[in-house]
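Hi,

Here's the structure I promised to pass on.

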Amino acid sequence: MNSAVLATVERSTGLDVARLRSDFPILRLKVNGNPLAYLDNAASSQMPQRVLDRLIRYQTQEHSNIHRAVHYLSETATAAYEGARSTIQRFINAREAREVIYTRGTTDAVNLVMQGFGRAFLGRGDEIILSQLEHHSNIVPWQMLRDEKGCTLRVVPCNDAGELLLDEYAALFNERTRLVAVTHVSNALGTVNPIKQMIAQAHARGVPVLVDGAQAVPHLAVDVQDLDCDFYCFSGHKMFGPTGIGILYGKAHWLEKMQPYQGGGDMILSVSFERTVYNSIPHKFEAGTPPIAAAIGLGAAVDYLTDIGMPRIAAWEHELLTYATEQVEALPGVRIVGTAQDKASVLSFTVAGVHPHDVGTLLNEDGVAVRTGHHCAQPVMQRFAIPATARASFAFYNTFQEVDQLVAGIRRVQEIFS
Amino acid sequence: MDSKQLYQEVVLDHNKKPRNWGSLADATHRAEGLNPLCGDHIWVALKVQDGLIEKIAFEGESCAICKASASMMTANVKGKQIEQAERLVQEFRDMATGRLNPATQPSQLGRLVVFAGVKDLPSRVKCAILPWHTLHAAFHDRGTTSTEGDADPMGLSPASESA
């Protein structure tokens, strides 16, 4: 793309990408002698200097255990940890901070709901609706519950574009349906599911909904009250924060009824050998010393995203994905897997006659980092009858030049295998 | 390393025109090999008479590294005694994991040294080894083998999945 067109796009989205890129030290790396084109953001994103600085400041000036002692550092750490919770609450527009539970990540959040909600409220013959597009982390916990309780899993199919079939979804409900667990954005295909509508359909039948938002929160403005979801799960490291931290948003009335996931310190009000009284939410679900620094780092990442503005990020990424789709689509022998009308961030593709792992190894030579494989979404691969894809996934710091680097890399792969 | 070292003409040729491709109706030994992380999935079938590998065939779905490795493996072990083939399995594994340097240490690997470069690509080592792994399983009549978990005789640390 020429620089004049690029400038127009930058003006229209209001994003100064060159300046934002300079916030990310790792993006200056060279890989195999080429500038790193980091296009694996759906797996994990990079941290800006502001988040790194916040982690250093916490560890050098504020660290102690939280909710414990009366000394200066414990109170500073507690204030920072709870402050980050409020920051995250505002970011997703939760009604109250106590509806925001710190977890280890999205997987941990789904497992918390499986343990605390599923094991408490579901029994033999009860049904859970999942979708064809789920990541393994929103399939396997429900299979474990199915096997323990004798529940039934029902799956919403998708069409050849990777869009869920909403008529089929409506037809899956019956009087035994107890939960819908569905992804907001497909990690393998990039499909943005119409979850607001899906939630309304479920609620019309009195069924609560869990949303896997791991791939949505870094790319779209998410408002949990507007969506009216009952649970919303996401990960810090996919939204420019640290690993080891994630969020379960849950409506307070559900969280209050649910059983604790783990027992231990901080999740209790009183303990004797006869009886334990659990703490109130959110602490009931945060047993033991949490990853305090990571939680505070996630708060800093949210501040960073808020300053940029999620609508601007979404607009830039939309331009980037549109450009990448046009360029990759124009390559003969390259098939884009996942062509939904509404997509975010992800471009999954296959190159005729070349296995995705060979594509990935050769792109790495050009400094282009893509994910290859089944993306922890084997049912998606089965639906499209392919073993794997190569997947480029974008963040707001990616550029049109990096898309060109990807396209040139795919051309080189085709030459080598011609 | 430079990918040209790995994706050499001979590898690309075997990928395009795999030798001994297909199944064997009169096989005496068979095994299925699976790399669940990348989806490489192959079947190896052998007809063994008095310890001699009379026929060998493979088929499946895999990346170029795995397919070329399987193709060159079948061409190499056909007509050999099982013990000779087992020694080659061991040498190939040692080379792919960097325990044997064919440039300085004696081996029977011959042209198979084109795969020496995978030792620098940890995520691709299993692609190259899978056919050999499967051949070994077939000799021992283990129906299915995997590059992961308890069935991983390589003792490689299991790579983990992520989104």
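How many residues does the contact take from chain A, and how many from chain B? Keep in mind that this is a predicted model. Chain A puts in 19 residues and chain B puts in 17 residues. On the chain A side, the largest share comes from helix α13 (residues 356-365), with 5 residues. By type, the residues of chain A that touch chain B split into 9 nonpolar, 8 polar and 2 charged.

Next, the inside of chain A. The chain is divided into domain 1 (3-31 + 310-416) and domain 2 (51-307), and their centres, taken over C-alpha atoms, are 28 Å apart. Where the two domains of chain A touch, domain 1 gives 23 residues and domain 2 gives 22 residues. On the domain 1 side, α12 (310-329), β14 (346-351) and α14 (378-383) of chain A supply at least two residues each.

One last thing, over in chain B: which residues of helix α2 (residues 9-16) are buried? They are B:Val11, B:His14 and B:Asn15. Looking down the axis of α2(B), the buried residues fall within an arc of 105°, so they line one face of the helix.

Cheers

Methods. Residues numbered from 1 in each chain as written. Chains lettered and ligands numbered in written order. Predicted model: local features only at pLDDT ≥ 70, side-chain atom pairs only at ≥ 80, totals over all residues. Contact = placed C-beta atoms within 7 Å. Helix = DSSP H or I, 4+ residues; strand = E, 2+ residues; numbered from the N terminus. Nonpolar A, V, L, I, M, F, W, Y, C, P; charged D, E, K, R; others polar. Buried ≥ 20, exposed ≤ 12 C-beta atoms within 10 Å, placed from the backbone. Arc of directions from axis to C-beta. Domains from an automatic or database assignment.
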